[in-house]
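The following note sets out points for a colleague who is reviewing the model shown below. Please read each point against the coordinates.

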Amino acid sequence: MRAESGRIARTVCLLNPANPLAHVGWVEQRDTHRYYADMTNYRRSRIDGASYFFTLNLADRSLSLLTEHIALLRSAFEYTRERHPFIVNAIVVLPEHMHAIWTLPDGDNDFALRWRLIKTVFSRGLPHGERRSDSRQNKGERGIWQRRYWEHLIRDEADFAQHVDYIHINPAKHGLVTRVADWPHSSFHRYVQTGVLPINWAGDSSVELDCGERRNFD
Ligand code: NI
C-alpha cells in the first residue's frame with residue numbers, strides 16, 4: 001500500500017464478521033516503513049513521527065472480549081483515528097490482550113489520549129456485568145481493561161522489525177495456533193498480501209523480547 005509521504009493511508013477494511021478467517025485490516029504502511037522488506041534501503045531521514053510498541057491487557061484475563069467483539073474493537077480504532085490520526089504498522093489481537101505498533105504524526109506523541117479513547121469506546125459498547133474493583137466502582141469506571149499498559153519507543157529499524165516479528169509470531173507463541181497464518185486477527189495477513197512476508201512464514205519464536213506479556217499493571 002502506497003501513501004503520499006507523511007500522510008495516512010486509509011486502508012480498505014477487510015474484516016468480515018461472517019468469515020472467521022477474515023483478518024483485521026488495520027495496517028497501513030508508508031514508504032518510511034518499507035525497510036521491513038529491505039533494511040538496506042532504509043532511510044532514516046524519511047521517518048516523520050515516532051513509532052511505539054504497545055501491549056494492552058484485559059483486567060480479567062479469563063475473558064475473550066477482544067476477539068469476541070473484534071468488530072467493536074475495530075470501530076473503536078476507527079473512531080479514534082478519525083479524530084486523532086495515527087498509523088497502525090502492525091497489530092495482533094488475542095482473546096485477552098493485544099500488541100500493536102503505531103506511528104504518530106510528526107510532533108505528536110499523545111498515544112495516551114488515543115488509547116484512552118479506544119478503551120472507552122470499546123468498553124461502552126460492551127454489555128455490563130464485568131467484575132469491578134471497589135475503587136473502580138467508586139469512580140464509576142468500567143472494569144474491562146487494565147488501567148496501565150506496556151509502551152516502548154521503537155529505537156531503530158532493527159528494533160522495529162523485531163517487534164513486528166514479535167507481533168506476528170505472538171498467537172503461535174501463546175499456543176493459540178501452530179502456524180502463524182492460522183490466526184485471523186493479525187496484520188500478518190496484510191504483510192502477506194503486500195508481499196512483505198510469505199504465507200508460510202514462521203519467524204523465530206525463540207526470540208525473547210520484554211514486551212509486557214502476562215503482566216498485571218494495575
Ligand atoms: Ni502476547
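1. Terms and basis. Buried means under 20% relative accessible area, exposed over 50%, and partly exposed in between, with a 1.4 Å probe and protein chains only. Helices (H or I, at least four residues) and strands (E, at least two) are DSSP runs numbered from the N terminus. This is a predicted model, in which local features need pLDDT of at least 70 and side-chain atom pairs count only at pLDDT 80 or more, while totals for chains, interfaces and linings use all residues. Residues are numbered from 1 along each chain as its sequence is written, and side-chain values use heavy atoms, with hydrogens and water left out.

2. Overall fold. The protein chain has six helices and four strands, in the order β-α-α-β-β-α-α-β-α-α from the N terminus. Of its 218 residues, 50% count as buried.

3. Helix α2. This helix has 14 residues and reaches 20 Å from its first C-alpha to its last, close to the expected 20 Å (1.5 Å times one less than the number of residues). Its buried residues are Ile-70, Leu-72, Leu-73, Arg-74, Ala-76, Phe-77, Thr-80 and Arg-81. They pack against α1, β2, β3 and α3, where contact means heavy atoms within 4.5 Å.

4. Nonpolar cores. A nonpolar core is a set of buried Ala, Val, Leu, Ile, Met, Phe, Trp, Tyr and Cys residues joined through side-chain atoms within 4.5 Å. The largest has 27 residues, and those with the most contacts inside it are Leu-73, Phe-77, Met-98, Trp-102, Trp-115, Phe-122 and Trp-145. Two or more residues each come from β1 (51–57), α1 (65–68), α2 (70–83), β2 (87–93), β3 (97–103) and α3 (111–125); α2 gives the largest share, five residues. Another core, of 21 residues, lies apart from it and includes Trp-150, Ile-169, Tyr-191 and Cys-211.

5. Link across the chain. His-99 lies in strand β3 and His-174 in the loop between α5 (157–173) and α6 (188–193), so this pair ties together parts 75 residues apart in sequence. His-99 is buried, with a relative accessible area of 0%.
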